[in-house]
Amino acid sequence: MQRFHPFIPAGGVGSRLWPLSRADAPKFLLDLTGSGSSLLRATYDRLAGLSAGPVMVVTGRSHAGAVQEQLPELTGDDLVLEPSPKDSAAAIGLACTLIARRDPDAIIGSFAADHVVEPAGTFQNVVKEAVEAAATGRIVTIGITPSSPATGFGYIKAGESLGLEQAPHALTVEQFVEKPDKETARQYVASGNYTWNAGMFVAPVGLMLQYLRQSEPELAAGLDVIADAWDTDRRDAVVDEVWPTLTKTAIDYAVAEPAAAAGDVAMVPGDFTWEDVGDFAAINRLNQVDPSGDSDVAILGKNNRVLSDESSGIVVSDTGRLIALIGVQDIVVVDTPDALLVTTAEHAQRVKDAVNSLKENGDTDVL
């Protein structure tokens, strides 16, 4: 673990969580589980105990102050700021390029800021196995055992055991599969050979950059230019000049899929509870009410003025306004000072469509 350098890509607005998540208050900065910690803080704490050194965070410039406030232990060297969103290949690639300059023998770990994982100890044991497997010269992903035939995630088809003493659960990866339709997802889950792709990667930094240079040479070259200027007074000027020219693509396309095709990817199953907090249906699952209680409505936020009569679902509110629910099931109510959302868990994915409509109508003051 002395070689392990974890980092957290913390990007995205989380438009499916509007109006709770906004451009100036994205979901990873929010406490969406009622635990008292934001998603980012919880992710950082899970990783801090695994690394001999600091944990790096890659986020947007506009979030620098909020991230520093939540993670006061971050130093300037470990807070990497993007001028604009560029998808995961640029963010992860920049982190890898900077880490490689500091430690060419590093094993990196990329873990998104918006995942809920429990228990932390089980997660850490899985990561330790992934580091051991990565030390054999592989890119290792963590596969999540599916709890349902979900269509919102990519899948990983696992192969044979690697036979590693220090990573007994590590398997070869035969294929990464894009988000399937419902019937295909059912077949995947029934087979027992597929896990959800949670987008967690552990790998020798040199191997990650090797595949990035092969698949996206212009992107990799641009990141090298930025890294050359990183520790100079030209950093901001070079980043502002080069960043807009970088290719916008996902790390799965740029690195994981070509590496899997070449037989350089392994997988360690993650036998922990995992939730990608992508919409209000996920928040509803994370904040289940006590079945022995007198209400089937979960309340998140500081407002407890909720009246429920034969209703179920979740209410998120800090306004203090009285909210009455009568005869509605699986309801989602998000009450903020300047916007009110009412939907159901079934239609939670469609919140993003409402956000797109607001953009088209010019209602950017509530985004």
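Me: Let's begin with α8. Which residues of helix α8 are buried?

Reply: In helix α8, residues 235–242, the buried residues are Val 238, Val 239 and Val 242. Buried means under 20% relative accessible area, exposed means over 50%, and partly exposed is in between, using a 1.4 Å probe and protein chains only. Helices (H or I, at least four residues) and strands (E, at least two) are DSSP runs, numbered from the N terminus.

Me: Why are they on the same side of α8?

Reply: Because they cover an arc of only 100° around the axis. That arc is taken from the directions from the helix axis to the C-beta atoms.

Me: And what is exposed on the other side of α8?

Reply: Ala 237 and Glu 241 are exposed there. As for the buried residues of α8, what covers them includes α7, residues 217–229.

Me: Quick check, where does this model come from?

Reply: This is a predicted model, in which local features need pLDDT of at least 70 and side-chain atom pairs count only at pLDDT 80 or more, while totals for chains, interfaces and linings use all residues. Residues are numbered from 1 along each chain as its sequence is written, and side-chain values use heavy atoms, with hydrogens and water left out.

Me: New topic: Ser 110. Is Ser 110 buried or exposed?

Reply: Ser 110 is buried, with a relative accessible area of 2%. You'll find Ser 110 in strand β4, residues 107–110.

Me: What does Ser 110 touch?

Reply: Leaving out residues up to four places away in sequence, Ser 110 touches Phe 7, Pro 9, Ile 92, Gly 199, Met 200 and Phe 201. Contact here means heavy atoms within 4.5 Å.

Me: Now the backbone. Which peptide bond to Pro 19 is cis?

Reply: The one from Trp 18 to Pro 19, where omega is near 5°. Pro 19 sits in the loop between β1 (4–10) and α1 (39–48). There is also a cis peptide bond from Glu 118 to Pro 119, with omega near -10°. Pro 119 lies in the loop between β5 (115–118) and α4 (120–134).

Me: Why point those out?

Reply: Because most peptide bonds are trans, and most residues other than glycine have a negative phi.

Me: Okay, so what is phi of Glu 310?

Reply: Near 50°, a positive value in a residue other than glycine. Glu 310 is in the loop between β13 (306–309) and β14 (312–317), and it is exposed at 67% relative accessible area.

Me: What about Asp 330, how accessible is it?

Reply: Asp 330 counts as partly exposed, at 42% relative accessibility. Phi of Asp 330 is also positive, near 55°. Its loop runs between β15 (323–326) and β16 (331–335).

Me: Zooming out, how many helices and strands does the chain have?

Reply: The chain has 11 helices and 17 strands. Its radius of gyration is 21 Å, close to the 21 Å the globule rule gives for 367 residues, so the chain is as compact as a globular protein of that length. The radius is taken over C-alpha atoms, and the rule is 2.2 Å times the number of residues to the power 0.38.

Me: And how much of the chain is buried?

Reply: Buried residues make up 50% of the 367 residues.
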